[in-house]
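Reader: Could you take me through this model with the cut-offs stated as we go?

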Amino acid sequence: MNKGNGMRQQIVIRGAAVSDAARIQRLNRDALGYDYPVDKTALRLAELIENPDCRVFVALADDLVVGYVQANGYRATYGDPAVNVMGLAVDESVRGEGVGRALMEYVEAWGRDGHADEVRHNSEAQRVGAHEFYRSIGYALNKMQARFGKPLR
């Protein structure tokens, strides 16, 4: 994708490979603010790739990973099957070029194939630009909630 001259390059989406870990780690750090070590990113990515209830898709432009999305199947006793988007990151240099939309379309197709009734995603309150993006591709804000956590180690 080249914003400078208005010419768009072909975006290719494929399943992630462990060899994508360094680039995914940089996207997590730069786009999402999660500076998780690359070696641990590679371990988590390997686990996710092997998990049939998870998908990680990457978007490539000129063979460089410029975005990724992670989605997990979501099953609960209180609702119909869903897909939960755990993370979506797009390199700043290609934002607004359709990469995020294409990644989300892959997640939606995976959800339909797996008989999910909904795709959902939690987005931090300060990520106003992300909220605008999700609305632009047909998502609606349907719940506000607080997040609680407790360290186990």
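Reader: What share of the contacts in the chain with a separation of 6 or more comes from residues 24 or more positions apart?

Author: This is a predicted model, in which local features need pLDDT of at least 70, side-chain atom pairs count only at pLDDT 80 or more, and totals for chains, interfaces and linings use all residues. Residues are numbered from 1 along each chain as its sequence is written, and side-chain values use heavy atoms, with hydrogens and water left out. Taking a contact as heavy atoms within 4.5 Å, the share for residues 24 or more positions apart is 60%.

Reader: In what order do the elements of the chain run from the N terminus?

Author: Helices (H or I, at least four residues) and strands (E, at least two) are DSSP runs, numbered from the N terminus. The chain has 4 helices and 5 strands, and their order is β-α-α-β-β-β-α-β-α.

Reader: What distance separates the end C-alpha atoms of helix H3?

Author: The expected span of a helix is 1.5 Å times one less than its number of residues. For the 15 residues of H3 (residues 99-113) this gives 21 Å, and the model agrees, because its end C-alpha atoms lie apart by 21 Å.
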